[in-house]
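Please look at the structure below and read this short report alongside it.

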Amino acid sequence: MRGELASVSASLKRRAGPLLLALAAPLLLGQAGPVLVPDVSQREIEIAYSFTGADLLLFGAIVDDRGRAPEAGEPPADIVVVVKGPTESVLVREKQKIAGIWVNADRTRYRSAPSFYAIASSRPIRDIVDARTRAIYELGLDSLQLSPASGAVPAVQARFDSGLVDLKKRTGLYYEAPGTVEISDGVLYRGRVNIPARVPVGRFTAETFLIRDGRVLAAAVRDIDIRKSGFERWIARAAERSSVLYGMAAVLLSVFFGWAAGAIWRRF
């Protein structure tokens, strides 16, 4: 008798598992948020001697876990795309004019500042999220985590931070592009980021954020490799793998060209 009861109990447990899962599925699906399906027009960008920059297209779709479009009653969503280059150590010097001469007055070093930073959004970033969210996700030039190595007072550090961002903006390596991301029917989005000619090489990341009502609902990342090609790539590899030979060859070439220029000048 006990064996039969145990058998019946085990059978009920086996049947109850799928039944409970089926009953809970609508609740679980209802809690699932939207999903981003992003992509970029170029996963690899090669820099040759004639490289004048690139126009990177970032596009994708906004769907929920069942592949449906957002419902009509939902508030409109915003898309923010951030393209970052590899981090680097940066030394920033502050100049002052003393007795009519510009001299280095103060300096500070940053351990890991992004070598490239571009942010494109469907609206101005300040209208999309608050300051706390911007700081958490580093959305905007004023929210970058620059990791200074010195322990300067806040006022001095803020001045150097502003100076570093201003220098990067002048060279086109830091910039913001509000209102450049287009969203079609609440599903498809596309935006463009300009890669300047002076962009550094390395592994870049393209981060896409889906934001609604000031909250980040989804995020996705795609990698982009920017590397030298052709003769420039060969020179870069030679400098990395055989630095001593590369330095000797550079000195010999400099001496040769100097001698050649002198010989030509004496003849004419």
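The report describes a predicted model, taking its sheet, its salt bridges and a surface patch in turn.

## The sheet

Six strands form an open sheet with mixed pairing, in the order β2-β12-β11-β4-β7-β8. At its edges lie β2 (44-47) and β8 (174-178), each of which pairs on one side only, and from one strand to the next the twist averages 15°.

Strands of a sheet pair through backbone hydrogen bonds, and they may be parallel or antiparallel. In this sheet β7 (residues 117-121) and β8 run parallel and are joined by five bridges, with I119 standing opposite E176 in β8.

## Salt bridges

The count of salt bridges comes to 11. One of them joins the side chains of E88 and K168, at 2.8 Å from N to O, and this pair links parts of the chain that are 80 residues apart, since E88 lies in strand β5 and K168 in helix α4. K168 counts as buried because its relative accessibility, 11%, is under the 20% cut-off, whereas E88, at 28%, counts as partly exposed.

## A nonpolar surface patch

On the surface, L253, F256, F257 and W259 form a nonpolar patch, and together they have about 490 Å² of accessible area. W259 is placed in helix α6 (residues 243-267), and it counts as exposed because its relative accessibility of 55% is over the 50% cut-off.

Conventions: Residues numbered from 1 in each chain as written. Predicted model: local features only at pLDDT ≥ 70, side-chain atom pairs only at ≥ 80, totals over all residues. Heavy atoms only, no water. Pairing = 2+ DSSP bridges. Helix = DSSP H or I, 4+ residues; strand = E, 2+ residues; numbered from the N terminus. Axes fitted to C-alpha atoms, helices over the stretch in contact; angles between N-to-C directions. Patch = residues over 30% accessible without salt bridge, like charges linked within 9 Å, V, L, I, M, F, W, Y side chains within 5 Å. Areas by Shrake-Rupley, 256 points an atom, 1.4 Å probe, with all protein chains shown as cover. Salt bridge = Lys/Arg side-chain N within 4 Å of Asp/Glu carboxyl O. Buried < 20%, exposed > 50% of the residue type's maximum accessible area, 1.4 Å probe, protein only.
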